[in-house]
Structures are given as structure tokens and as C-alpha cells.
Amino acid sequence: MKGNTKLQKMLNERNLTQKWLYEKIKEECVTPVGEYQINRICKGKTTNYHIMTLMKICRAMECTPNEIITKSDFDILYKKEQ
């Protein structure tokens, strides 16, 4: 899933930036998530990231993983039916 992800759309709807998300996670968590990593997640270039990264994002955004991840994010894991 390339382009605007659910996370990026959520940031846009709340008038927040990726920089804000980075700073919020950095403020609340012992180990932050890098700005580059947040950018790649928001653009859909990184889809296979650690559950701890997801939880940090969810805490900062005050949302659940279901609000950030779509089923199609996992479609690449499965073989296509023939």
C-alpha cells in the first residue's frame, strides 16, 4: 500500500505533522521512533515494522492499531489463490 496510509490520513485530519508525531513519541517513550521511520510508515514504504513501534504510534495518536493498519497491509504475506 503505497501513498497515503491510514496513519497519514489521520495526521492530516487532525492537522498534525509527522514531526509532531516524532516529538510526541520522543517525549513519552524511553526509546523514540526515528523521523525517517515515521515518514516511511506514513508513506506506506515500510509495512513490516515492530509491534512496539506500532504501540508507540498508537499511544501518541490516542488510537488503536485497527485505526492505523488495514487488512490490505497483510495481503502481501499470503499466496494468491489460483
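A contact is counted where heavy atoms lie within 4.5 Å. Of the contacts in the protein with a separation of 6 or more, 59% are accounted for by residues 24 or more positions apart. The model is predicted, so local features need pLDDT of at least 70 and side-chain atom pairs count only at pLDDT 80 or more, whereas totals for chains, interfaces and linings use all residues. Residues are numbered from 1 along each chain as its sequence is written, and side-chain values use heavy atoms, with hydrogens and water left out.

**View 1. The whole protein, with 4 helices and 0 strands.** The elements run α-α-α-α from the N terminus on. Helices (H or I, at least four residues) and strands (E, at least two) are DSSP runs, numbered from the N terminus. Of the 82 residues, 33% count as buried; buried means under 20% relative accessible area, exposed means over 50%, and partly exposed lies in between (1.4 Å probe, protein chains only). The protein exposes about 6,100 Å², of which carbon and sulfur atoms supply 51%. Accessible areas come from the Shrake-Rupley method with a 1.4 Å probe, and for residues only the protein chains shown count as cover.

**View 2. The buried residues of helix α2.** Helix α2 spans residues 18–28, and its buried residues are Leu 21, Tyr 22 and Ile 25. Seen down the axis of α2, these buried residues fall within an arc of 100°, so they line one face of the helix. The arc is that of the directions from the helix axis to the C-beta atoms. An α-helix has 3.6 residues a turn, so residues three or four places apart point the same way. The buried residues of α2 pack against α1 (6–13), α3 (35–43) and α4.

**View 3. Salt bridges around Lys 19.** A salt bridge is a side-chain nitrogen of Lys or Arg within 4 Å of a carboxyl oxygen of Asp or Glu, and by this rule the count comes to 4. The side chains of Lys 19 and Glu 23 meet in one of them, at 3.6 Å from N to O. Glu 23 and Lys 19 are 4 residues apart in helix α2 and are therefore separated by about one helical turn. Lys 19 also meets Glu 35 in a salt bridge, at 3.5 Å from N to O. This pair links distant parts of the chain, with Glu 35 in helix α3 and Lys 19 in helix α2, 16 residues apart. Partly exposed residues here are Glu 23, with a relative accessible area of 32%, Lys 19, with 44%, and Glu 35, with 40%.

**View 4. The salt bridge between Arg 59 and Glu 28.** The closest N and O atoms of Arg 59 and Glu 28 are 3.4 Å apart. Arg 59 lies in helix α4 and Glu 28 in helix α2, so the pair ties together parts that are 31 residues apart in sequence. Arg 59 counts as exposed at 58% relative accessibility, while Glu 28 is partly exposed at 33%. Elsewhere, salt bridges that share partners join Lys 19, Glu 23 and Glu 35 into one network.

**View 5. A nonpolar patch on the surface.** Ile 51, Met 52 and Met 55 form this patch, with about 320 Å² of accessible area together. Patches are made of residues with over 30% relative accessible area and no salt bridge; like charges are joined within 9 Å, and nonpolar side chains (Val, Leu, Ile, Met, Phe, Trp, Tyr) within 5 Å. Ile 51 belongs to helix α4, which covers residues 51–61. Ile 51 is exposed, with a relative accessible area of 56%.
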